[in-house]
Amino acid sequence: MGTRVFGEPVQRREDARLVTGQGRFLDDLGQNALAAAFVRSPHAHARILDIDVSGALDIDGLVAVYTWEDLPGRVGEPLPLLIPHPTLTHGRTGYPLARDTVRHVGEPVAMVVARDRYLAEDAAERIRVDYEPLPAVVGIENAARADRLVHDDVPGNVAAVLRQENGDAAAAIAAAPHVLEFRLAIERSASMPLEGRGVYARWDADDGSLRVYSSTQASTSVRAAIAARLGLPNGKVEVVAPDVGGGFGVKIVHPWPEEVLVPWAARLLDRELKWTEDRREHFVAAAHERGQLQDVRVGFDDAGRILGLDVRILHDHGAYTPYGIIIPIVTSTQLLGPYKIGAYRAEVTSLYTNTVIVTPYRGAGRPQGVFCMERTMDRVARHLGLDRAGVRAANLIQPDEFPYDQGLTFQDGRPLIYDSGDYPELLRKARDLIGWDGFEAERAAAASDGRRIGIGLGIYVEGTGVGPYEGGHVEIDTAGRVHVSTGLTSQGQGHETAFAQIAAAELGVPLGDVRVTTGDTRRFGYAVGTFASRAAVMSGNAIALACRKVRAKALRIAGEALEADPSDLEITDGVVHVRGDATSAVPLRTVAVLSNPLRYAFDEEAAAATQFAVGRPSEEAPVAPGDEPGLEGRDYYSPVRSTFAAGAHAAIVEVDPETAEITILRYGVVHDCGRLINPMVVEGQIHGGVAQGVGGALYERMVYDASGQLLNASFMDFLMPYATEIPKIETDHLETPSPLNPLGIKGAGEAGVIPVSAVIASAVEDAEGLRVDAMPLSPDALYTLRRRAEHDPALRTE
Amino acid sequence: MEETHEIVLTVNGTHRTARAPARRLLSDLLRHDLGLTGTHVGCEHGVCGCCTVLLDGAPVRSCLMLAVTAAGHEITTVEGLAAPDGTPSPVQRAFRECHGLQCGFCTPGFLCTVTALLRDTPRPTEEQVLDGIAGNLCRCTGYQNIVRSVHRAAELLSEREGGA
């Protein structure tokens, strides 16, 4: 390979447009489109008695108002249950517009179309909906008590009971020398990308086709869903994810009600139509995650080795389950982390509540699982009076034990088998990075100044790059430009850069010659989506494989032109040449010309490929059997199972003895995602993940009152961290390549967020000598914990 | 029909005229009437800072201003930060160099904020940088590279001053 670009921190190609205001986000498109606005339920649970739209009709600029009764056939059916699972016995999804009952504040009831958004909202405000309020189910414990039901036909509010089991945990715990039992709690947060959702649809009546732009993480699947609902063939629907202003999981859900309704109405009205979500809508009508209660029973020996672990989890699923039980599956499997647990049993009960739906947010159930396991490790260590890092070390899977089978079934339906890693080395590096061994001196020095500091750590394993597949298409044109496309979408991860690096390295072309398109069904129709830290693994490998096909074809054609054996050829800076002989060479753009036998010369380059110019033997077909014209290739990557990244985080925190304010003094990350495509981009992903983790650990919660009103549905009240709240993040890397894929890479997108709550809890507990069992931990929560601990010694760790 | 008002203002050095109702936000006027979609709207309640533009040089939230109140003023948006020949400003260059953006949605607000910050405080301390950008939310970067970008932009600016 002549061009060393794979593994280099090259600057991002998408930035040129993004720093000059030339990005194209959803609401930047369709400047002449009509605008949609939604009437949304103000009640958490209510029956709709009547909808009176008459007050809206005299609004100037009003075009249409729709309620459920206006939706024909499949348009009005309940939204699909995207990921069915045998244990999801009572899966329920909402209607695009509520039919007769609303089950959370924010559920759409009517859609208004008008000349602009101001007028659409004027009209929406004047639509009168008569509701009969029903008792709301709010909070996990209330849902479990089931005095009231979210869905009349779902007994106990139970959507699913998922069990994961390896060995006889109950017996192992009963036989263990030590047993502990405790409850942990994690509150709701949300992805909260700065760009909300949005849909813009254009119906072409002459062509009978639809083009839809959506701020989505899954354009091909949005296309399939829209085509199915509107009764159109896939080929008549194109879906494009333009620049997407962050996703973090919430935009993987599809089709949203708006993704069905906006294209449907655009076709019906034969007008361009756009809906852009506002912030309040995003709080009450998109999705949340994280809320769980965990009851843990653990049995262990004198060295702190876990002999048996039994975890019962109550999971708040909100009002509907469109994304299935992926979060419970991920929590219950990834909980095991880097450890060998003697016997394990997890039971997750998914409960309905009258709140916004719960679907994956970066980490997708892992932060809760890791919180559970790492809190358990700390408990075990404190109980035995052992070093917390030492107890972890005693339980780690060793480097010579890979592939390591955890004996469970992962979120892709495949066995939970770790492919590679070096967890003891991760732990060693994390201890070094944070100064674990010298901390007691630091603590004493701080204490002598009247300061209270603590140290914590956490280790995690993350299954990344789940299947079923992604594909890549690579075409070299007659100007020598390399066009790469893949179906999955981008939300800021730098795919245009990372995928270009892969293509440039594989093909031996300058990076600047490569152009990458993602998330556009016009360019690549087969894809799954961007989630589960899978884009680099899945599309990265698919693009590499497609490049290898194109490279082989280029060498074959060039070999004919140069009368050389293709195995003696290589490509450097876009020129195919005999190895060690730069004079016997042909540029790829000429190879592209030769790859496409022509009758017509449309320019000088093309003339070289016309029938009287090419000196082919007259008995040979111009395009040989099995060959295709054009210097292009397509390939797919479909792994047998996921590849497992891992990391160890450690932090030092300071707590104010008076105000209970928590400050993160240092935060260290050691990360292993196999081979790095672009270390700068990977570090950026880690930084962003840690920041979201800090938000979840200290600040972010969704505060619902007893009637199901979200009390903090604004950025004034939902406290996302600013620059002033995020510590400087120190990083170190480890590279254990994945043996499962050609590039040896593992996913990195979610890594940063996963163990942060566990690490901060560990550090605050260490500083305070108080048990930290619930996150997020605000100063007032810590202050209250201190007061309670004055009277309740069980809350103290000593 | 809603009553509209003529609004005459200067945007990125060019005189612009638009008609809009009194309630129209400056952010909507810029984006949807003048086609300057680089200014983004992230919350519509003045907290996230995505919509930050410079009003007579000072950073303001364009989602909290009515367009009519901008009449007669001079607005700079992200589209106006580069030199007239298209050369990116030191702040824009620094954000690229330091990977100070990921999805890019909050970036125009940061660029405008930082442009004003460095004009008033050419060699900011770490604390001044944190303070200066503490009104802008970013959900992607964890801010670390944004802070680096601001320091780098200060360097680039001082090199430019030194070279001039």
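Analyst: A residue counts as buried here if 20 or more other C-beta atoms lie within 10 Å of its own C-beta atom, which is placed from the backbone. By that criterion, 56% of the 164 residues in chain B are buried. The model is predicted.

Chain B contains five helices and five strands, and from the N terminus on they follow the order β-β-α-β-β-β-α-α-α-α. Its radius of gyration is 16 Å, close to the 15 Å that the globule rule gives for 164 residues, so chain B is as compact as a globular protein of that length. The C-alpha trace spans about 50 × 35 × 25 Å along its principal axes. Of the contacts in chain B with a separation of 6 or more, 59% are between residues 24 or more positions apart.

The helix to examine is H1 of chain B, residues 26–33. H1(B) is mostly covered, with seven of its eight residues buried. These are Leu26(B), Ser27(B), Asp28(B), Leu29(B), Leu30(B), Arg31(B) and His32(B).

What do the buried residues of H1(B) pack against? Their partners are three strands of chain B: S1 (4–11), S2 (14–21) and S3 (52–55).

The backbone just after H1(B) has a feature of its own: Gly35(B) takes a positive phi of about 75°.

Conventions
Residues numbered from 1 in each chain as written. Chains lettered and ligands numbered in written order. Predicted model: local features only at pLDDT ≥ 70, side-chain atom pairs only at ≥ 80, totals over all residues. Helix = DSSP H or I, 4+ residues; strand = E, 2+ residues; numbered from the N terminus. Rg over C-alpha atoms; globule rule 2.2 N^0.38 Å. Buried ≥ 20, exposed ≤ 12 C-beta atoms within 10 Å, placed from the backbone. Contact = placed C-beta atoms within 7 Å.
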